[in-house]
Amino acid sequence: MRLLPWTNDFGAPCWLSTTNPDSRVSRMADELEAAMIASAEEVLAEAKELLAESVVGEQELRFAGARLTESLRDTLRIAASRGGRLESEG
């Protein structure tokens, strides 16, 4: 079972029951994971720049914190999914 990088309408995890990494849904999940990681890299770079400034407003910090939290959640989900796949291969 593969944990997909999206949830259902109720926020519950979605699982893919296939061992074929070339299936259409597997490829879609791989593409979405890559996009999520790229987005997290951009958010991190922007947050670093913001935190390097000497004066930053509260709204800016809250916005950056919210985006960092979303990116970390997504990245941890991807890590869990990939870790689960590694365990099943071993």
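Select Glu46: is Glu46 buried or exposed? At 52% relative accessibility, Glu46 counts as exposed (buried is under 20% relative accessible area, exposed over 50%, partly exposed in between, with a 1.4 Å probe and protein chains only).

A quick note before moving on: this is a predicted model, where local features need pLDDT of at least 70, side-chain atom pairs count only at pLDDT 80 or more, and totals for chains, interfaces and linings use all residues. Residues are numbered from 1 along each chain as its sequence is written, and side-chain values use heavy atoms, with hydrogens and water left out.

The chain averages 90. Confidence is highest in H1, with a mean of 94, and lowest in strand S1 (residues 2–7), with 86.

Finally, zoom out to the whole chain. You'll find two strands and two helices, in the order β-β-α-α along the sequence. The radius of gyration is 16 Å, well over the 12 Å that the globule rule gives for 90 residues, so the chain is more spread out than a compact globule (C-alpha atoms are used, and the rule is 2.2 Å times the number of residues to the power 0.38). Those C-alpha atoms fill a box of roughly 50 × 25 × 20 Å, taken along the principal axes.

Notes. pLDDT = per-residue confidence, 0-100. Helix = DSSP H or I, 4+ residues; strand = E, 2+ residues; numbered from the N terminus.
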